[in-house]
Structure formats: structure tokens, C-alpha cells
Amino acid sequence: APYWLTAAMAARNLQRLAGVSGAASVGLAAYGAHGLHIDADLKRSFENGNRMHTVNSAVLVAAPVFPRPLLTGTLLIAGTTAFSGPCYAVALTQDKRWGKLAPFGGATIILAWLSLVI
């Protein structure tokens, strides 16, 4: 297939992932608000992960108009997974060791945003 067709299909798949990710973030937000009964510090970790999950899902919807949609989209997906996943894990397992992974996700999210200017 021609490059432009492959790139367009990949960008559309990023939008599909954004839809699934956004739906998951809303479901997790509802669970965090209504079903998660943990101390305030752990709840803050969950909410922080959920906030980044929601924001980056919303940004991912715009992937097709990014200068480098596959680069930015891939970095957003990886960064969100590596940041929000450990935040959720800290809250759900009450094991703060998971939090050591979140800075790698945060750095990847920063790289995703910076990829919009190159």
C-alpha cells in the first residue's frame, strides 16, 4: 500500500485507541469516585493517574493532524501506560513500589508533547 494510505490507517487506529482509552479512563474515574475506598494519599495517586490518562486520551484523538502522528501517538500511548498504570497499581495494590515506574512514563509524555514542535 502507498505510504499515505498506511499512515492514514495508522492515524485512524490511533483514534480508535484513543476511544478505548478514553472510555477506560471514564470507567476508572467512576470506580475511583464511587467504589474505591482507600486512604487519601493512595486516592490522590489514583486520581493523578486518571487525570493524565483522560487528558492524553483526549489529545490522542487529534493524532491525524499532528506533524508526526505515529511518533507522537506512540509516545502518548507508551507514556500514558507507563505513568497511569503505576499510579493505578499503587492505589489498587497499596504497594508504593509501583510508583517508581511513573517518572519514566512522565518523561515519555513530555517527549510526546515535545514531538509536536519538531
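Trainee: What share of the contacts in the chain with a separation of 6 or more comes from residues 24 or more positions apart?
Mentor: Such residues account for 72% of those contacts, where contact means heavy atoms within 4.5 Å. This is a predicted model, in which local features need pLDDT of at least 70 and side-chain atom pairs count only at pLDDT 80 or more, while totals for chains, interfaces and linings use all residues. Residues are numbered from 1 along each chain as its sequence is written, and side-chain values use heavy atoms, with hydrogens and water left out.

Trainee: How many helices and strands does the chain have, and in what order do the elements run?
Mentor: There are four helices and zero strands, in the order α-α-α-α from the N terminus. Both kinds of element are DSSP runs numbered from the N terminus: a helix is H or I over at least four residues, and a strand is E over at least two. The C-alpha trace spans about 55 × 25 × 20 Å along its principal axes.

Trainee: How do you know that the span of helix α3 agrees with its number of residues?
Mentor: The expected span is 1.5 Å times one less than the number of residues. Helix α3 (residues 69–93) has 25 residues, so it should span 36 Å; its end C-alpha atoms lie 35 Å apart, which agrees.

Trainee: Why is N56 called buried?
Mentor: Buried means under 20% relative accessible area, exposed means over 50%, and partly exposed lies in between (1.4 Å probe, protein chains only). N56 has 3% relative accessibility and therefore counts as buried. This residue belongs to helix α2 (residues 40–60). Apart from residues up to four places away in sequence, N56 touches L76, T80, I109 and W113. Over the whole chain of 118 residues, 37% count as buried.

Trainee: Why is Q94 called exposed, and what is its phi?
Mentor: The relative accessible area of Q94 is 53%, so Q94 is exposed. Its phi is positive, about 60 degrees, although Q94 is not a glycine.

Trainee: Why do A24 and G85 count as partly exposed?
Mentor: A24 has 34% relative accessibility, so it is partly exposed; G85, at 30%, therefore counts as partly exposed too. A24 lies in helix α1, and its C-alpha is 9.5 Å from that of S57, 33 residues apart in sequence. G85 lies in helix α3; between G85 and W98, 13 residues apart in sequence, the C-alpha distance is 8.7 Å.

Trainee: What makes a set of residues a nonpolar core, and which residues make up the largest one?
Mentor: The set must consist of buried Ala, Val, Leu, Ile, Met, Phe, Trp, Tyr and Cys residues joined through side-chain atoms within 4.5 Å. The largest has nine residues: L14, A18, V59, L60, A63, F66, L75, L76 and A112. Helices α1 (3–34), α2 and α3 are the elements that give two or more residues to this core. Another core, of seven residues, lies apart from it and includes I38, L42, Y88 and A91.

Trainee: Which residues does A112 contact, leaving aside neighbours within four places in sequence?
Mentor: A112 is in contact with T72, L75 and L76.
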